[in-house]
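Please look through the sequence and the model shown here before reading on. The briefing is meant for someone meeting this structure for the first time.

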Amino acid sequence: MNEQKKSLLGNVYFWLMVVFLYLPILILMIFSFNDSVILAFPFKGFTFEWYRQMFGAHELLLAARNSLFVGLVSSLIATFVGALAAIAVMRKNLPARNFFLGLSSVPMVMPSIVLGVAMLVLFRRVFDLELTLWLIITAHVLISIPTSILIVMARLANFSHNLEEAAMDLGANYWLTLLKVTLPVSLPALVAAFLTAFTTSFDEYAMTTLITGTDTTLPVYLYSLLRFPRRLPVAVAMGSIIMVASAAVVILAEWLRRMGTERPKKKELV
Amino acid sequence: MSTQNLTNTPAVHNRRGIKEQLTGIPRRRQLIALISPASLWLFFLLILPLATLVMLSFVKTAFGEGSTVLTLEHYRAFLQNTIYQRLLWRSLGIALLVTVLTLLFSYPVAYFMAYFAGERQNLLLTILIIPAWTSFLLRVLAWRLILGSNGLLNTFLMGIGIIQEPITGLFFSTPAVIITLVYIWIPFAVLPIYVSLQRIEGNLFEASADLGARPWQTFWKVIFPLSLPGILAAFLFVFIPTVGEYVTPALVGGPNGLMIGNIIWDQFSRGLDWPMGATLSLMMMLIVIVPLFLSSGLAERLGLTGGGDE
């Protein structure tokens with residue numbers, strides 16, 4: 001690469017965009033400390049009241065617990081299922097490889113409402129199932145499979161099949177090779193895929209609300225609060241905590257993803 | 001010697017399998033086993049639900065007596081009822097506008113990060129991505145705060161004396177839906193464009209300049225065409241989910257900002273008419289999926305679906 005190019009205009013535009021992206025979030029967070037039930041200007045005064053009320057809001061905490069459960073279980077499954085598929089897809093001799101790749105990327109671009117209503121119809125009308133958290137988990141696995149596959153594939157693209165061959169020459173069968181070589185090599189990508197799936201699941205509303213029964217997840221509960229303006233500040237307080245926490249998770253996931261995919265480049269920079 | 005024996009024995013013993021075993025190429029059935037969990041999921045939670053949706057659109061009612069009566073009345077209703085059609089075209093129009101605006105705002109950001117950010121690229125990328133992963137609902141809610149009649153924008157404009165009375169048209173309107181969606185999609189659109197720009201060889205700039213091209217000519221004739229796969233990926237990522245969007249219109253759109261997704265949601269959640277909702281979903285999919293099929297070849301070239309291609 002040639003020496004570092006600079007652009008003042010580019011810098012200004014970039015940071016204006018950052019302000020545009022962060023300002024609404026910051027405003028919302030500031031209002032979680034506002035001493036008024038109405039979310040409107042001007043700012044009335046500083047209070048921790050909404051955070052205090054949050055810990056007494058039984059339903060809110062229950063929904064948060066449900067979301068954690070759904071997020072953890074669905075992301076574990078999605079990472080595992082996606083990683084196995086990614087390993088297979090890296091091989092050219094996989095039967096119907098392009099068909100599988102095409103099909104597995106569909107959930108990524110399918111409008112959530114179509115997925116939601118289609119699953120609702122299948123669960124309720126065809127199988128007559130009770131709408132439980134387990135069904136939400138299976139649905140969340142589906143929408144996280146494409147990203148898991150892509151993240152693990154990106155990691156494996158830098159990985160030479162020679163390593164697998166070496167392991168097999170040394171007497172390991174294919175499954176043992178996957179367990180001892182391929183999966184450990186993709187560990188950073190597995191963690192990144194897990195975290196990505198978790199944030200997706202934790203935030204999913206549009207599809208989830210259609211297949212939610214009596215046990216709600218956090219976004220579904222937050223949305224129901226919007227109809228009761230008096231409860232809104234508590235929801236905003238909860239939301240602020242979630243936003244800070246998910247930002248931390250994103251930073252971790254990004255860092256791991258980079259560690260996983262960008263090893264060989266370092267030399268060029270020095 | 002003993003080591004020789006160890007390597008030789010299986011080879012002699014299992015001559016037919018030796019090539020496959022020693023070259024380390026997994027067998028087809030092993031690969032099929034690896035993709036079978038994902039395939040099961042895709043079958044039971046994607047293909048099967050969509051198939052039942054298609055079936056549902058051809059029956060009279062979802063439950064009870066009418067659930068076995070085949071009919072085309074829902075499709076007829078869609079063709080005869082101009083409200084449905086108008087909403088569908090409106091949704092496509094909004095989605096198109098949102099997508100174009102998002103791309104226009106995102107492209108310079110991606111361009112700056114790819115060519116002018118130097119070693120800070122990763123840091124800037126993370127900064128940009130964080131908002132994309134914070135709560136979708138709360139980001140929409142934030143725009144209610146900003147655009148509302150007592151919102152930040154109105155109080156700010158009144159504060160500095162540009163307007164005397166709050167602008168009421170901002171909130172609960174189609175523009176509010178568009179602004180909010182563009183805001184939500186920008187980080188998602190920057191990413192694929194950035195990736196495609198980053199793949200362009202740096203010396204193409206020099207080559208183009210050596211051949212006498214001015215910077216803007218280099219951009220339009222060399223860089224922009226090479227970044228098209230990224231633009232296309234961003235387009236798909238933004239356009240398709242936006243067509244079916246119903247949460248944002250419900251929260252900031254008001255009665256005039258509704259989209260086709262809101263009508264579909266009504267049919268199902270209020271239990272009005274599931275088969276009609278199924279029909280509307282499918283008509284929307286038909287119109288959304290056609291461009292997807294047209295561009296699938298391009299998506300593959302981009303590596304979106306093909307990944308490990310040489």
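This is a predicted model: local features need pLDDT of at least 70, side-chain atom pairs count only at pLDDT 80 or more; totals for chains, interfaces and linings use all residues.

Residues are numbered from 1 along each chain as its sequence is written, and chains are lettered from A and ligands numbered from 1 in the order in which they are written. Chain A holds twelve helices and zero strands, where helices (H or I, at least four residues) and strands (E, at least two) are DSSP runs numbered from the N terminus.

**Chain A as a whole**

- The C-alpha trace of chain A spans about 70 × 60 × 30 Å along its principal axes.
- Of its 270 residues, 49% count as buried, a class that asks for 20 or more other C-beta atoms within 10 Å of a residue's own, with 12 or fewer making it exposed, anything in between partly exposed, and the C-beta atoms placed from the backbone.
- Among the contacts in chain A with a separation of 6 or more, 79% are accounted for by residues 24 or more positions apart; two residues are in contact if their C-beta atoms, placed from the backbone, lie within 7 Å.

**Confidence in chain A**

- The mean pLDDT, which is the predictor's confidence in each residue from 0 to 100, is 84 for chain A, and 93% of its residues reach 70 or more.
- Confidence in chain A is highest in helix α3 (residues 58–89) of chain A, at 93, and lowest in helix α12 (residues 266–269) of chain A, at a mean of 43.
- Over residues 264–270 of chain A pLDDT stays under 50, and the model has two contacts beyond four places in sequence for this stretch.

**Two helix pairs in chain A**

- Helix α7 (residues 161–169) of chain A packs against helix α8 (residues 174–185) of chain A at an angle of about 125°, with axes 9 Å apart; axes are lines fitted to C-alpha atoms, for helices over the stretch in contact, and angles run from 0 to 180 degrees between N-to-C directions.
- That angle makes α7(A) oblique to α8(A), because angles under 35 degrees count as roughly parallel, over 145 as roughly antiparallel, 65 to 115 as roughly perpendicular and the rest as oblique.
- A:Leu163, A:Glu164, A:Ala167 and A:Met168 in α7(A) meet residues of α8(A) that include A:Tyr174, A:Val181 and A:Thr182, and by class this contact has five nonpolar, two polar and two charged residues; Ala, Val, Leu, Ile, Met, Phe, Trp, Tyr, Cys and Pro count as nonpolar, Asp, Glu, Lys and Arg as charged, and the others, Gly among them, as polar.
- The axes of helix α4 (residues 97–109) of chain A and helix α6 (residues 133–156) of chain A come within 8 Å and cross at roughly 120°, so α4(A) and α6(A) are oblique to each other.
- Among the residues making this second contact are A:Ser104 and A:Pro107 of α4(A) and A:Leu142 and A:Ile149 of α6(A), and the contact divides into seven nonpolar, three polar and no charged residues.

**Chain B and its side towards chain A**

- In chain B, 84 residues are in contact with 86 residues of chain A, and helix α3 (residues 28–56) of chain B gives the most to that side, with 18 residues.
- The side of chain B that touches chain A has 56 nonpolar, 25 polar and three charged residues.
- B:Val100 lies in helix α5 (residues 82–116) of chain B and counts as partly exposed because it has 14 C-beta neighbours inside 10 Å.
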